[in-house]
Amino acid sequence: MREAPHHGAVPSAFLPGLREALGAPGVAMAATFLAFGAAVQEAGLSPGWALLACWGIYGMPGQLVLVQAAATGWAGGVGAAVMGAVAVNARFLPMAVSITPVLGANSRWRLLPAVPFIAVTPWAAAIRALPAVARPERVSWFLGFGLTSWVVAGLAALSGYHLAGAMGAEARAALLFVNPLYYALLLAADLDRPAPRRAVLCGAAAASLALLLPAATALLAAGLVGGTLAFLLGRRRGAG
């Protein structure tokens with residue numbers, strides 16, 4: 001019979017989550033935030049600014065919005081930059097909604113420590129791994145993964161800041177795409193399941209909108225149309 005963890009001990013699922021984050025997800029996260037740190041240095045900002053932006057926002061698009069705004073002297077105003085960062089990180093809301101029932105916490109208060117770590121990589125890893133984790137231990141697993149990813153991101157950003165001179169523009173651009181590529185590979189591995197397959201196919205079909213619409217709205221519109229279509233097809237299939 002499995003023993004319950006002793007009071008005050010490290011939750012049993014925390015360390016497996018930590019180890020999972022130090023594998024391929026950690027490599028992808030580190031590569032992306034190396035490029036972010038280099039971008040901060042190129043913008044003439046401080047390493048402390050890189051760490052604060054990384055750990056305070058924890059979403060690459062929002063961080064890049066603030067870097068660009070700060071590098072141009074906040075030409076449009078601080079408020080506009082903050083609203084831009086909020087807008088591009090709005091994708092975390094549906095992630096939070098979708099992962100809440102998967103975390104399986106009996107109390108909403110247990111979910112609060114997990115909120116800062118909801119981002120693309122922790123969310124994708126948790127959606128895949130948590131069904132195999134006992135429900136009482138899922139929040140602990142997610143905290144182990146999320147906290148480790150958060151620390152890796154900050155340390156990688158600092159490293160990228162100090163290594164910026166050794167990386168060319170092409171290398172930094174390539175590093176920025178490592179994490180999205182990792183996420184795409186996760187989706188590809190789940191194409192045998194109906195929901196991910198619908199999401200990928202509808203997203204690919206909607207991507208053509210990006211060629212027809214203005215650059216400022218193309219990606220957002222394509223994501224909204226593709227995601228909505230996948231959701232409606234899923235509801236129809238479920239109703240049928």
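Guide: Begin with burial: a residue is buried under 20% relative accessible area, exposed over 50%, and partly exposed in between (1.4 Å probe, protein chains only). By that cut-off R172, with a relative accessibility of 14%, is buried. The model is predicted, so to speak of local features requires pLDDT of at least 70, side-chain atom pairs count only at pLDDT 80 or more, and totals for chains, interfaces and linings use all residues. Residues are numbered from 1 along each chain as its sequence is written, and side-chain values use heavy atoms, with hydrogens and water left out.

Visitor: Where is R172, and which residues is R172 in contact with?

Guide: Helices (H or I, at least four residues) and strands (E, at least two) are DSSP runs, numbered from the N terminus. R172 sits in helix α9, residues 169–176. Contact means heavy atoms within 4.5 Å. Setting aside neighbours within four places in sequence, R172 is in contact with A35, A38, E42, A164 and M167. From R172 to A80, 92 residues along the chain, the C-alpha separation is 26 Å.

Visitor: How is a nonpolar core read?

Guide: In soluble globular proteins, nonpolar side chains tend to be buried together. A nonpolar core here is a set of buried Ala, Val, Leu, Ile, Met, Phe, Trp, Tyr and Cys residues joined through side-chain atoms within 4.5 Å. The largest one has 43 residues, and F33, F36, V40, I99, L103, W141 and F142 have the most contacts inside it. At least two residues each come from α2 (24–42), α3 (47–57), α4 (60–71), α6 (92–103), α7 (120–129), α8 (138–162) and α10 (178–189). The most, 10 residues, come from α8. Another core, of six residues, lies apart from this one; A31, A35, A38 and M167 are among them.

Visitor: Which residues does F36 contact beyond its sequence neighbours?

Guide: Leaving out those within four places, the contacts of F36 are A50, A53, C54, M60, Q63, L64, V67 and A157. One of these, A50, lies in helix α3 and is buried, at 0% relative accessible area. Beyond four places in sequence, A50 touches F36 and V40. A50 and A39 are 11 residues apart in sequence, with C-alpha atoms 9.1 Å apart.

Visitor: What about residues in loops?

Guide: I118 is in the loop between α6 and α7 and is buried, at 13%. Not counting residues up to four places away, I118 touches F92, M95, A96, I99 and F142. Y58 belongs to the loop between α3 and α4 and is buried at 3% relative accessibility. Phi of Y58 is near 55°, a positive value in a residue other than glycine.

Visitor: How many disulfides are there?

Guide: A disulfide is a covalent bond between the sulfur atoms of two cysteines. The rule used is a pair of cysteine sulfur atoms within 2.5 Å, and by it the count is zero.

Visitor: Which nonpolar residues form a patch on the surface?

Guide: Patches take residues with over 30% relative accessible area and no salt bridge; like charges are joined within 9 Å, nonpolar side chains (Val, Leu, Ile, Met, Phe, Trp, Tyr) within 5 Å. A salt bridge is a side-chain nitrogen of Lys or Arg within 4 Å of a carboxyl oxygen of Asp or Glu. Areas come from the Shrake-Rupley method with a 1.4 Å probe; for residues, only the protein chains shown count as cover. W74, V78, V82 and V86 form a nonpolar surface patch, together about 330 Å² of accessible area. V82 is in helix α5, residues 78–88, and counts as partly exposed because its relative accessibility is 40%.
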